[in-house]
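The points are grouped by topic.

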Amino acid sequence: MSDMDEMDDGSGIVKKFMFLNRKAPHGTVYALEGLEVVLITAAFDQDVSMVFTDDGVYQLMKGIDSKGIEVKDFSKTYRALEGYDIEKLYVDQKSMDARGLTEEDLIVDVTVLSVDEMANLMAEQDVVISF
Amino acid sequence: MLHIVNKSATERGALESCLAMATKGSAVLLIEDAVYAVTNGSTAAAKIQAAAADLKIYALGPDLAARGMAGRVLDGVNVVDYGGFVDLVAEHSNCQSWL
């Protein structure tokens, strides 16, 4: 494929996208909006990593019941990400520790990274999108 | 006086400011993202437990449940529903929301 063809339709170009989630669910709309953008991105066959740090780790809590505050419970959608070939889910060890959480508390399987590992992962991305 | 906090203690300083200003015997109600502060293992838990000696600490149950935190509430924290929220506002002569 020539350079010209690539510019015409963009097919075959795969970039490394990181979606960085740092907000708790419900209190702001960031968590839900971020999840929706990730699902849209999945349609473009990109190399997607989803990262949860700071209060973002709270998004993955098991046992969420949001009926009482009359908002949508989107936590189960994280379990559907695998079906969209989004399988790289990372959480920050330090953020988990500061909140008394372990992998057992989370609704999906994740890879737990140290701050250094997280920093390296971020540095190697083509695009970082933050919510 | 009733103090109301709705921001996460690990993201903003609202809870800390509130606890510094709340006088003995005051009530502090945590709602929305502030409820994470009254969960076991959170960095704010020690501050809440120290404050509970002089203050009455409340947390809104529906906000805890919506965050998967209903089963992780610290001892000494009173969990209230929306009716309890209304009662707290009615019982106190004034209130301050730490937005």
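In strand β2 (residues 27–30) of chain B, B:Ala27 is the bridge partner of B:Leu2. The model is predicted: local features need pLDDT of at least 70 and side-chain atom pairs count only at pLDDT 80 or more, while totals for chains, interfaces and linings use all residues. Residues are numbered from 1 along each chain as its sequence is written, and chains are lettered from A and ligands numbered from 1 in the order in which they are written.

**Strand β1 of chain B**
- Strands here are DSSP E runs of at least two residues, helices are H or I runs of at least four, and both are numbered from the N terminus.
- β1(B) (residues 2–5) runs parallel to β2(B), joined by four bridges; pairing requires at least two DSSP bridges.
- Four bridges also pair β1(B) in the parallel sense with strand β5 (residues 95–98) of chain B, where B:Trp98 stands opposite B:Val5.
- B:Leu2 and B:Ile4 on one face of β1(B), and B:His3 and B:Val5 on the other, are all buried (20 or more other C-beta atoms within 10 Å, with C-beta atoms placed from the backbone).

**B:Ala22**
- B:Ala22 lies in the loop between α1 and β2 of chain B.
- B:Ala22 counts as buried because it has 22 C-beta neighbours inside 10 Å.
- Beyond neighbours within four places in sequence, B:Ala22 contacts B:His3, B:Val28 and B:Leu55 (C-beta atoms, placed from the backbone, within 7 Å).

**Chain contact**
- The contact takes 19 residues from chain A and 17 residues from chain B.

Notes:
Buried ≥ 20, exposed ≤ 12 C-beta atoms within 10 Å, placed from the backbone. Contact = placed C-beta atoms within 7 Å.
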